[in-house]
Amino acid sequence: MQTLNRFLIESSIQMPLYNIIQYIIKPSKDLSRKINIAGLEDILGEAEVTNVQGEEQKKLDVYANDEFIKSLSECTHCAAMISEETEVIIHTPFPDAEYIVAFDPVDGSSNIDVNVSIGTIFSVYKRISTSGPITEEDCLQAGKNQLAAGYIIYGSSTILVMTTGNGVHSFTLEPHIDKFYLSDTHVRTPKDGKIYSLNEGNYIKFPEGVKKYLKYCQENDKETNRPYSSRYIGSMVADFHRNLKKGGVFIYPSTEKDPNGKLRVLYECNPMSFLIEQAGGKASNGFERMLDVVPTSIHQRTPIFVGSTNMVDKACEFMKEYSTKAQ
Ligand code: AHG
């Protein structure tokens, strides 16, 4: 069995990236252990504070955020971080370092208390400026500039799924040895799928294009294997992971309540979009390639359609025909 370290060394990844990945992995192992015994530790439930998005933070959100910040603050290659749980850019003691890490320490917080899969999402960029403290401009880059991206899913196994632009590889944590081992290499997602994943409870507030696409998914058609199946866990990592392996589309569209969607560009949608493209799939905001979108603020939200190429294309066809960007 090949360890993550050996894999990274053999894939001749540049030293700074190798290093940054180590500093992301370290707290994820501790977090995995905590999640496994969550009911026995005081980490379930609300922290009784809200984050920058105005969302209630769970105790585990706060704990995980602190641990990732602590770890990456020791990484000499990391100049700054952007976290879902922190309003401002987080500067490390290494202002002249070249890299920025964006992360969502715990994606799917609402599932923490009910023993359903959750995850950590991360993304690595190179700064634009050459030295001095990282500015907003350094962080507001299109997703196509990402150097590495991935997620750790804390499910029945803890699995790291990662890309550095040379395919998607996954590594399973062997908890007794506390090491990640390569479990799947050059992961490809099916071009077609049979699963659509979105919160159908919001149907009434969806743009017309999404409503029409949903109806299309539910129609009877032998040739295209319809009707498709609906699967929605409510943790993007878990929904994405299933669809990556089986084929499918994950959609979080704009709604009347949230015209820009719910999910964040820098630490949710971009990393997943980089991964899916590397696995042979597609990601769009409904109108343009997700990785081309240049955010204008570090916590910017966006609608997202991500997954099997033919399903994303079909959904976006409906968007273009029936919805306007403003919807
Ligand atoms: P958070 O990271 O704040 O827990 O948000 C979870 C995200 C994403 O993982 C999931 O797909 C989506 O929010 C679920 O939102 P709805 O409950 O609105 O469907």
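Which residues in α8 are buried? I found T309, M311, V312, A315, C316, F318 and M319 buried there, where buried means under 20% relative accessible area, exposed over 50% and partly exposed in between (1.4 Å probe, protein chains only). I keep in mind that this is a predicted model, in which local features need pLDDT of at least 70, side-chain atom pairs count only at pLDDT 80 or more, and totals for chains, interfaces and linings use all residues. Residues are numbered from 1 along each chain as its sequence is written, and side-chain values use heavy atoms, with hydrogens and water left out.

Next I looked up the helix itself. Helices (H or I, at least four residues) and strands (E, at least two) are DSSP runs, numbered from the N terminus. Helix α8 covers residues 309-322, has 14 residues and reaches 20 Å from its first C-alpha to its last, close to the 20 Å expected at 1.5 Å a residue, the expected span being 1.5 Å times one less than the number of residues. Its buried residues are covered by elements including β11 (195-197), α5 (208-218) and β15 (304-307).

I then turned to K257, which I placed in the loop between β13 (249-252) and α7 (265-278). K257 counts as exposed because its relative accessibility is 62%.

Last, the cysteines: I found zero disulfides, a disulfide being a pair of cysteine sulfur atoms within 2.5 Å. C78 is in none, and the nearest cysteine sulfur, that of C75, is 5.6 Å away. C139 has its closest cysteine sulfur in C78, at 10 Å, so the two are too far for a bond.

Note on methods:
Contact means heavy atoms within 4.5 Å.
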